[in-house]
Number of protein chains: 2
Amino acid sequence: MDLEKIRHSASHVLASAVKELFSEAKLGIGPAIDDGFYYDFDLKHTLTPDDLKKLEEKMQEIIGKNLDFKKSKKTRNEAEKILKDEPYKLELLKNLPDNNITFYTHGSFTDLCAGPHVKNTKEIKAFKLLKIAGAYWKGDSKNKQLQRIYGIAFNSKKELEEYLKKLEEAEKRDHRKIGQQLELFFFHEYSPGSPFFEPKGTVIYNELLNFVREEYKKRGYQEVITPQIFNKALWETSGHWKHFKEDMFVLNVDNSEAALKPMNCPSHVLIFKNKIRSYRELPLRIADFCALHRNELRGVLGGLTRVRKFSQDDAHIFVTEEQIEKEILDLMDFIDTVYKKVFNFRYVVNLSTKPEKAMGDPKLWEKAEEALRNALNKKKIKFNIKEGEGAFYGPKIDFDIRDSLDRSWQLATIQLDFQMPLNFKATYEGKDGNKHTPIMIHRAILGSLERFIGILIEHYAGKLPLWLSPVQVRILTLTDRNEKFAGDVLKKLRDNNIRVELDDRSESIGKKVRDAQLEKIPLTITIGDKEQENKTLAIRTLDGKVKFGVKVEEFINDLLTEIKEKK
Amino acid sequence: MDLEKIRHSASHVLASAVKELFSEAKLGIGPAIDDGFYYDFDLKHTLTPDDLKKLEEKMQEIIGKNLDFKKSKKTRNEAEKILKDEPYKLELLKNLPDNNITFYTHGSFTDLCAGPHVKNTKEIKAFKLLKIAGAYWKGDSKNKQLQRIYGIAFNSKKELEEYLKKLEEAEKRDHRKIGQQLELFFFHEYSPGSPFFEPKGTVIYNELLNFVREEYKKRGYQEVITPQIFNKALWETSGHWKHFKEDMFVLNVDNSEAALKPMNCPSHVLIFKNKIRSYRELPLRIADFCALHRNELRGVLGGLTRVRKFSQDDAHIFVTEEQIEKEILDLMDFIDTVYKKVFNFRYVVNLSTKPEKAMGDPKLWEKAEEALRNALNKKKIKFNIKEGEGAFYGPKIDFDIRDSLDRSWQLATIQLDFQMPLNFKATYEGKDGNKHTPIMIHRAILGSLERFIGILIEHYAGKLPLWLSPVQVRILTLTDRNEKFAGDVLKKLRDNNIRVELDDRSESIGKKVRDAQLEKIPLTITIGDKEQENKTLAIRTLDGKVKFGVKVEEFINDLLTEIKEKK
């Protein structure tokens, strides 16, 4: 059974239930969405979780009546009559063409709607209302705020239960909650959407940067540091002034308009253009971790996944036509190393091809798409083709990354661009002595580091792998007598650049272990008289495995190997 | 003889010479400055270097007349008559009190001036005019641009010659010139004052960051990452909105005024305040490399020493009163490590004490100043006391760093602050269970990394120490036959994280060596048939020393030691 139909029908049932309980409610819109369905209501009474329970009961009652969904076509006059008490629906009606005004009815409830729906309410076998949120009419903060009820519906009770379980697990893993518990980051009203990374969060941030930099060294990338404020002349050339100005922070510099950069690409074209370039320098891979700013609406900001200030592991690669395939192969290897070998994410690959409004030479498009396909085939990677969904300036490969809860995130991206080098008149001298326009590859592996950290926290439920953990080892003393040996071990670990802490509080060992586990520290070392006597360690992992009698040097060596191999 | 008097008198002689050669010139101001003297003129004719020669001759002629400088006091009426053809001087006259209008005359030239001057022109024993520059009247870009002539004067020809030699050496070392030659950084009109660090410049930048981070690990600092845009509410509390707004980039965020941060301190107070703090956490050392922006006037921007975007090795240390002395001792050790052990700079230390307009408890001032003095004495550091020159919020220690040309730079600074924690109501729980206000230490070691890199380039004349060099080793092949062995050596060096390049062009070895030296690469390895046969290397340093028959492993070990020890 088609989930979308079920969910759309459930939203109608919800609306009919709201009308029965709160007859004065005015209806907004009520679509099925990826994650279920919602319906917006204009209602004086502020809805509470208790109301959701009552509404669920009412919905169950309506569904139990086995009502058919019936479609009907109306003239504009008829429709206006039906909707005379529904101001929001009347507004929607205005935008419908005369010959396409349809309604759906179940029981005594009728809604302006294009469908499709299930045949009968009995097909809604399992549903649940999830939460209430505010939502501006038409998503515009200048309009009135309505109350939105979110729900979910499935083909069976079993599916619903599985979904709710996953939802519960996801809530437990909410990176905002874990981020606060583990003192990783926080936000402040003085700078909405710009995270403060606390010392522990900064360790994670810098370890990720180091990891990417190590890969850059192996893969022939060159890092640069670039300005953040650019005169609008730059954004006019790049096209951002026309298409992206609303999303930029604009300010006045030297009596002229300028903007904080929302992306690095134009600055990298300036670097490319700073000297005469030869084909011998290509592929030229320019990488940058400069802070970026985007003026996201305040209402949509949330945790690390939607921020105003962030950095990307951003690079732009200038290549010749012939170099595309090899470069894409290398990028696939890069992405594999990061996502499969290190983080253990799965992913789905999508290739988006030439859209109708494409710019640039059709032959170049053909060759470039072939190069992308060849690279994917050579790597034996299955991929979906999204016909016509490329950008107007070039085809692209997207990676749908699946986390441990099987949620999908778009993180890595490889985007060919035939246009920007042309806009900036960027050229290189070819073997033939003539000037040629390079092709630019925009690509990110982790994407926004802020967002990636948010996703990692949820993927690992806060139990980060050893190499990323802000504190890798905590030493717990059993008694005061053990402080000297504990101090020696502490120093040895520190000298080996292991992030280690000492807990020598006069608390019980049980309490000390529990605290370390709450803080998700991967390894704890317990030191009592026995350990001190034998000069060995008792090691406990976060999942409770204990190993006794480990020699200090052996422990350090194992640890360093594990950290180096990013296990 | 007082240099200031000589230079001020030379500027008068210059003005009289200009009047003789260009009678229509209107006079601006003509003071002595740290680096010599200048005089501003409003003159239709655009002055050329040839004019400077002629003016020097004319000045020599005037000086040769052994003219006395005579002071005279005038009434406002008399003064207005004397200055009737000098509109700029008339403007200056307006701001003088009636009882303090004085003139100085030598020969037939009379100038509105408070003095002091030498007694006779013959005391100007050695001078030179250096350059012509544009300068707005009263330094305000809304006013007319005048022509400024810079000059220098000394007690003896010998001193002048030494100075000019140093000036020439400084010009050769100009970091803007070297930065371009070595492809370290550049500027672009789209973002005045914000440097682009090219790949090689970024290596230097990141190596400096790594160095500071290593020290932070040893010294108990915690790094954070902070927002860049803050609502004006923050700046109102910190006092920046009142005293520093002109220097900030202001923008509109969520329909409210906000600014790009010009310094990190208030954000670190927010981090301090983010949780309840205990005396056990102090000293709390918060470090940050976040980008800062200051809206410097476009006219004063120049190279890396005056920029709009920069990062500092900035930290704020929250301490109790009792912890000041120990913390200052640790900071002195930090500064010694950086400046004396690593970079080989000398420095002069200044302690600035309580000013008249000081805020805060006088007893706290006394104790704090005593702690600073004690720390300096314990370290056996000679220091100058600048009585009353501390900030209103606390005493400070400045370090006048002297580079290899004996030029003075103010880089490191330690600044106590009793006020900002009060403004933000930042407190910690003391041993007594009560709330106390911490003292905040603002301190920077390198200061602005951009500025520091500019100074380093000039200090070393571009010949950076091995650990900071963007390319540490270049391998030069003698013939095609040597490419295989050269490739093996290249790989071995790379595997050891040494920054190495291969020059296998079919150029003469002489040309290859010269190119490497122009690029100031510390070490070159020449590989010919003999080296290949013996599996050894011929190593050449930048100052031309050559060592033959070095084993690869031995070379790598020596290199790694030298890099690690930052020699």
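A residue is described here as buried when its relative accessible area is under 20%, as exposed when that area is over 50%, and as partly exposed in between, with a 1.4 Å probe and protein chains only. The model is predicted, so that local features need pLDDT of at least 70 and side-chain atom pairs count only at pLDDT 80 or more, whereas totals for chains, interfaces and linings use all residues. Residues are numbered from 1 along each chain as its sequence is written, chains are lettered from A and ligands numbered from 1 in the order in which they are written, and side-chain values use heavy atoms, with hydrogens and water left out.

With a relative accessible area of 2%, Q228(B) is buried; this residue belongs to the loop between β11 (222-224) and β12 (229-231) of chain B, where helices (H or I, at least four residues) and strands (E, at least two) are DSSP runs numbered from the N terminus. A polar contact of 2.9 Å links the side chain of Q228(B) to that of Q228(A), the term denoting a pair of N or O atoms within 3.5 Å of which, within protein, one must be able to donate a hydrogen and the other to accept it, while residues adjacent in sequence count only if both atoms are side-chain atoms. Residues up to four places away in sequence aside, those touched by Q228(B) include A291(A), H293(A) and K309(A), as well as C290(B) and H293(B), contact meaning heavy atoms within 4.5 Å.

In chain B, R499(B) occupies the loop between α15 (483-495) and β27 (500-503) and counts as buried at 19% relative accessibility. Its side chain makes a polar contact with the side chain of E207(B) at 2.9 Å, and among the other residues that R499(B) touches are W467(B) and P470(B).

Helix α2 of chain B (residues 49-64) has 16 residues and reaches 23 Å from its first C-alpha to its last, close to the 22 Å expected at 1.5 Å a residue, the expected span being 1.5 Å times one less than the number of residues. Buried residues in α2(B) include L52(B), L55(B), M59(B) and I62(B), and their cover includes α1 (3-21) and β5 (102-106) of chain B. The helix is followed by N66(B), a residue other than glycine with a positive phi near 50 degrees, which counts as partly exposed at 42% relative accessibility.

Two cis peptide bonds may also be described: one joins G115(A) and P116(A), with omega about 0 degrees, and another runs from L282(B) to P283(B), with omega near -10 degrees.
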